[in-house]
Amino acid sequence: MEVGNSKKSPSLKDFVTSVKKDFKKCFKIYPNSKSGGCGKTLLKFLEDIGNQGLHSFLLKKYSDGVNLDQAADSITAIFDSVFNDPGLKTFWNVNLDKFLPNFEIKQVLTNYAHVSGWDDLPSSDKEACFYNAAKDMSRLPAWNSMVRVQEY
């Protein structure tokens, strides 16, 4: 932090909260609905912004070129098959060490949260990184020991 700068640097918790908010916005764009769902929303959006080329293309590709409801239903079915696939899973409130090696966690903290050691992070952020940190902060790996290990 610079001297005289009252702006506080964002914490890891702020970063995670921001990402969660963005995901929620993203998935609310495509609601399941019996009234055309996201297909109708997309076609209406294209019509409202004046993109007649893409609007016409989608109407011709997914209907007879005139039937808005048929095209909307086809587009909705495509979005549903992509975004509601049971293979797509999201995990919330999972510690980073479940999916990332220690060195990668250090890289995320250094590059995005702008920290240079454990002392720069509040305990809640340490717990977000490592499962064992919630039980005992002494179980955190030493900051300098988190290095990339290359296999030969």
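# Briefing: an aromatic cluster and its surroundings

Ring pairs link Trp-118, Phe-130 and Trp-143 into a cluster. The model is predicted: local features need pLDDT of at least 70, side-chain atom pairs count only at pLDDT 80 or more, and totals for chains, interfaces and linings use all residues. Residues are numbered from 1 along each chain as its sequence is written, and side-chain values use heavy atoms, with hydrogens and water left out.

**Overall fold**

- The protein chain has six helices and zero strands. Helices (H or I, at least four residues) and strands (E, at least two) are DSSP runs, numbered from the N terminus.
- Along the sequence, the pattern reads α-α-α-α-α-α.
- Of the 152 residues in the protein chain, 23% are buried. Buried means under 20% relative accessible area, exposed means over 50%, and partly exposed lies in between (1.4 Å probe, protein chains only).
- Take the contacts in the protein chain between residues at least 6 apart in sequence: 55% of them join residues at least 24 apart. A contact means heavy atoms within 4.5 Å.

**The aromatic cluster**

- A pair of aromatic rings is described by the distance of the centres and the angle of the planes.
- Rings of Phe, Tyr and Trp (its six-membered ring) pair if their centres lie within 6.5 Å; planes under 30 degrees apart count as stacked, over 60 as edge-to-face and the rest as tilted.
- By this rule there are two aromatic pairs.
- One is Trp-118 with Phe-130, edge-to-face, at 5.7 Å centre to centre and 75 degrees between the planes. This pair links distant parts of the chain, 12 residues apart. Trp-118 sits in the loop between helix H5 (102–112) and helix H6 (123–129), while Phe-130 is in the segment after H6. Trp-118 and Phe-130 are both buried.
- Trp-118 also pairs with Trp-143, again edge-to-face, at 5.2 Å centre to centre and 85 degrees between the planes. Trp-118 lies in the loop between H5 and H6 and Trp-143 in the segment after H6, so the pair ties together parts that are 25 residues apart in sequence.

**Trp-143 up close**

- Trp-143 has 12% relative accessibility, so Trp-143 counts as buried.
- Neighbours within four places in sequence aside, Trp-143 is in contact with Lys-106, Leu-109, Thr-110, Val-115, Ser-116, Gly-117 and Trp-118.
- The C-alpha atoms of Trp-143 and Asn-102 are 9.3 Å apart, and these residues are separated by 41 residues along the chain.

**Nonpolar cores**

- A nonpolar core is a set of buried Ala, Val, Leu, Ile, Met, Phe, Trp, Tyr and Cys residues joined through side-chain atoms within 4.5 Å.
- The largest nonpolar core has 12 residues. Among them are Trp-118, Phe-130 and Trp-143, along with Ile-105, Leu-109 and Met-146.
- A second, separate core has seven residues, including Leu-43, Leu-58, Leu-59 and Ala-72.

**Helix H5**

- The buried residues of H5 are Phe-103, Ile-105, Lys-106 and Leu-109. They cover an arc of only 160 degrees around the axis, which puts them on the same side of H5. The arc is that of the directions from the helix axis to the C-beta atoms.
- Just after H5, His-114 takes a positive phi of about 55 degrees.

**Asn-95**

- Asn-95 lies in the loop between helix H4 (68–83) and H5.
- The relative accessible area of Asn-95 is 18%, so Asn-95 is buried.
- The side chain of Asn-95 reaches the backbone oxygen of Glu-127 at 2.4 Å.
- Beyond its neighbours within four places in sequence, Asn-95 is in contact with Glu-127, Ala-128, Cys-129, Phe-130 and Tyr-131.

**Salt bridges**

- Side chains of opposite charge can pair when their charged atoms come close.
- The whole structure holds two salt bridges. A salt bridge is a side-chain nitrogen of Lys or Arg within 4 Å of a carboxyl oxygen of Asp or Glu.
- Lys-40 bridges to Asp-69, with the closest N and O atoms 3.4 Å apart. Lys-40 lies in helix H2 (residues 37–49) and Asp-69 in helix H4, so the pair ties together parts 29 residues apart in sequence. Lys-40 is partly exposed at 34% relative accessibility, and Asp-69 is partly exposed at 44%.
- Arg-148 and Glu-104 form a salt bridge at 3.6 Å, N to O. Arg-148 is in the segment after H6 and Glu-104 in helix H5, so the pair ties together parts 44 residues apart in sequence. Arg-148 is exposed at 52%, whereas Glu-104 is partly exposed at 28%.

Key. Polar contact = N/O pair within 3.5 Å; in protein donor to acceptor, adjacent residues only side chain to side chain.
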